[in-house]
Amino acid sequence: MDIDEASKKFDALCDELSLDMGNIITEQDTRFQIIDRIITQILGWDYPDIKMEEHVETGYVDYLLKSDGRSRMVLEAKRASKILVDTANPRCTSYRVNGPALKSAQEGLEQGKRYCIDSGATYSTLTSGTEWVAYWAVRD
């Protein structure tokens with residue numbers, strides 16, 4: 001799938017979800033209705049490369065994305081109503097992990113970082129399905 005096809009699929013998913021967001025309440029709803037679909041249908045991850053609830057030393061990773069047998073990214077999910085980004089800026093941009101814009105996300109960011117250290121992944125993503133914070137959790 002190329003980026004134009006992925007964009008069309010993403011737009012269609014957004015249109016569909018905009019009609020039903022009031023019914024997506026729990027973290028499990030968010031995972032099933034939004035995150036699973038974005039990971040597989042839009043980002044193109046294959047099911048065998050997605051490990052869910054993988055046990056690591058400090059807990060259970062919501063999603064551990066692997067390729068070539070290596071852990072690549074930890075994805076920590078939160079319920080759709082969880083605010084992650086504390087700013088009214090509606091565009092995609094960069095924020096400091098420890099800065100004021102991500103104050104509400106700190107617990108999830110730290111959780112993702114611990115899971116990266118435990119699993120050997122370098123990158124982490126924290127998402128509520130509607131807000132996505134991707135960051136380089138472990139630097140070599």
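Helix H3 (106-119) supplies the largest share of the lining of the second largest pocket, 3 residues, where helices (H or I, at least four residues) and strands (E, at least two) are DSSP runs numbered from the N terminus. The model is a predicted one, in which local features need pLDDT of at least 70 and side-chain atom pairs count only at pLDDT 80 or more, whereas totals for chains, interfaces and linings use all residues. Residues are numbered from 1 along each chain as its sequence is written, and side-chain values use heavy atoms, with hydrogens and water left out.

A pocket here is an open set of points, on a 1 Å grid over the protein atoms alone, where a 1.4 Å probe fits and with protein on both sides within 12 Å along at least five of seven lines; its lining residues have an atom within 4 Å of a point. The second largest pocket holds about 160 Å³ of space, the volume being the space filled by probe spheres set on points that are joined across faces, edges and corners. Its lining consists of Val97, Asn98, Leu109, Glu110, Lys113, Tyr135, Trp136, Ala137 and Arg139, and the elements that give two or more residues to that lining are H3 and E5. By class, this lining has 5 nonpolar, 1 polar and 3 charged residues, with Ala, Val, Leu, Ile, Met, Phe, Trp, Tyr, Cys and Pro counted as nonpolar, Asp, Glu, Lys and Arg as charged, and the others, Gly among them, as polar.

The largest pocket contains about 840 Å³ of space and is lined by 33 residues, of which Cys92, Thr130, Glu131, Trp132 and Val133 lie nearest its centre. Two or more residues of this lining come from each of helix H1 (3-18), H2, strand E3 (70-77) and strand E5 (132-136), and H1 gives the most, with 5 residues. The lining divides into 24 nonpolar, 7 polar and 2 charged residues.

Helix H2 spans residues 27-42 and includes Phe32. Phe32 counts as exposed because its relative accessible area is 59%, the cut-off for exposed being over 50% with a 1.4 Å probe and protein chains only. The C-alpha atom of Phe32 is separated by 10.0 Å from that of Gly129, although the two residues are 97 apart along the chain.

Elsewhere, strand E1 (residues 50-56) and strand E2 (residues 59-67) pair in the antiparallel sense over 6 bridges, pairing being assigned if DSSP finds at least two bridges between two strands. E1 and E2 form a hairpin with 2 residues between them, and Val56 stands opposite Gly59 in E2.

Note on methods:
Buried < 20%, exposed > 50% of the residue type's maximum accessible area, 1.4 Å probe, protein only.
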